[in-house]
Amino acid sequence: TRTYVVTGAASGIGATTVRLLQERGERTIGIDLRGADIDADLSTAEGRTAAVAQAIEASGGVIDGVIACAGISAPKPITMSVNYFGVTEVLEGLLPALRASDAPRAAVVSSMASLQPNSARLVEAALSGDEAATLAVAEDLIAQDPRAGRAAYPSSKRAISRWVRRESITENWAGAGIPLNAVAPGTVITPMTQELLNNPEGLALVDAHVPMPLNYHQPAESIATLLIWLTSVENTHMAGQTIYVDGGADATLRGDDI
Ligand code: NAI
């Protein structure tokens with residue numbers, strides 16, 4: 001039995017990941033705002049520190065897999081805090097317990113939105129690791145143009161995919177024998193998207209931005225099963241990748257850009 005920490009465990013992709021892991025006989029420790037094993041607000045530094053401490057304690061000090069699913073899509077600065085710092089700081093905080101495993105793995109949920117128009121300033125600010133500065137950049141962009149809030153989500157996902165790429169090959173991860181990768185979904189049917197998909201204008205907008213020629217909108221299982229493989233013992237050599245599991249949206253939008 002392996003022990004997994006899953007963030008965003010109370011809903012959608014995170015909840016499905018927990019269920020599938022448990023069905024396979026693995027042990028899970030879920031983190032979410034409420035309704036998981038550990039209640040914590042990953043938009044704050046204090047919430048992350050508390051979540052990390054409780055997860056390490058609950059695990060007994062050895063964690064085999066970390067799967068970071070918690071995220072929000074609000075057109076607001078807080079989206080950078082949850083989707084970027086709420087991932088990087090939890091992963092880094094759990095490193096001591098991962099290193100204690102004999103087959104440690106980590107995976108995060110990015111998005112095909114990482115390919116959509118975003119703010120290079122916001123992405124660079126996040127990658128500098130300074131959360132206060134990142135939030136200040138977001139506030140500044142929104143003050144100049146209220147529509148700039150829309151850049152928060154794609155910027156948070158561009159930044160987390162780039163962080164995974166940079167970090168995966170460092171001493172912390174590859175050097176410690178820990179594969180670190182991301183999965184980028186297209187449009188997944190979860191509470192995050194349900195309302196949008198239920199109204200005709202929302203649906204048309206989503207489909208215009210996320211073309212999915214293969215099997216259209218996807219169930220959470222299509223993401224959870226890959227997150228589980230990426231964090232399984234079988235994954236020995238994949239590092240730094242963002243894998244698009246998106247019904248062909250990346251291939252459609254980026255075409256030959258490879
Ligand atoms: P969801 O809304 O069902 O689940 C997200 C979970 O994250 C919720 O349980 C929520 O409480 C938790 N969360 C949000 N803010 C938090 C905070 N401050 N502290 C702790 N937990 C917090 O959404 P879904 O669809 O399962 O999303 C999971 C991940 O997949 C997110 O990172 C999202 O950006 C990503 N994603 C989702 C897509 C979709 O179409 N649903 C598409 C691409 C990426």
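Val6 stands opposite Ile67 of strand β4. The model is predicted: local features need pLDDT of at least 70, side-chain atom pairs count only at pLDDT 80 or more, and totals for chains, interfaces and linings use all residues. Residues are numbered from 1 along each chain, as its sequence is written. Helices (H or I, at least four residues) and strands (E, at least two) are DSSP runs, numbered from the N terminus.

β1 and β4 run parallel and are joined by four bridges. Four bridges also join β4 to β5, again in parallel. Here Val66 has Ala106 of β5 as its bridge partner. From β4 the chain crosses through α3 to β5, and this β-α-β crossover is right-handed. Right-handed means that, with the strands pointing away from the viewer, the path from the first strand over the helix to the second runs clockwise.

Which way do the residues of β4 point? Gly65 and Ile67 point one way from the strand (residues 65–68), Val66 and Ala68 the other way. In a regular strand, side chains alternate between the two faces of the sheet. All four of these β4 residues are buried. A residue is buried if 20 or more other C-beta atoms lie within 10 Å of its own, exposed if 12 or fewer, and partly exposed in between, with C-beta atoms placed from the backbone.

Seven strands form an open sheet with parallel pairing. Their order is β3-β2-β1-β4-β5-β6-β7. The edge strands, β3 (38–39) and β7 (242–245), each pair on one side only. Two strands pair if DSSP finds at least two bridges between them. β2 (residues 27–32) and β3 run parallel, joined by two bridges. Asp32 has Asp39 as its bridge partner in β3.

Helix α2 (residues 45–59) packs on the sheet and touches β1 (3–7), β2 and β3. The direction of α2 makes about 165 degrees with that of β2. Helix α6 (residues 152–167) also packs on the sheet, touching β5 (105–109), β6 (180–185) and β7. The direction of α6 makes about 155 degrees with that of β6. Axes are lines fitted to C-alpha atoms, for helices over the stretch in contact, and angles run from 0 to 180 degrees between N-to-C directions. Contact between two residues means C-beta atoms, placed from the backbone, within 7 Å.

## Around the ligand

Of the 27 residues around the ligand, Gly8, Ser11, Gly12, Gly71 and Met192 come nearest. The elements giving two or more residues to this shell are α1 (12–23), α3 (78–99) and α7 (191–198). A residue is near a molecule if its C-beta atom, placed from the backbone, lies within 6 Å of it.

The shell divides into 13 nonpolar, 12 polar and two charged residues. Ala, Val, Leu, Ile, Met, Phe, Trp, Tyr, Cys and Pro count as nonpolar, Asp, Glu, Lys and Arg as charged, and the others, Gly among them, as polar.

Arg19 sits in helix α1. Arg19 is partly exposed, because 15 other C-beta atoms lie within 10 Å. Glu167 belongs to helix α6. With 19 other C-beta atoms within 10 Å, Glu167 is partly exposed too. Leaving aside neighbours within four places in sequence, Glu167 contacts Asn172, Trp173 and Leu180.

Pro213 lies in the loop between α8 (200–209) and α9 (221–230). Pro213 is exposed, because 10 other C-beta atoms lie within 10 Å. Beyond neighbours within four places in sequence, Pro213 is in contact with Gly247, Gly248 and Thr252.
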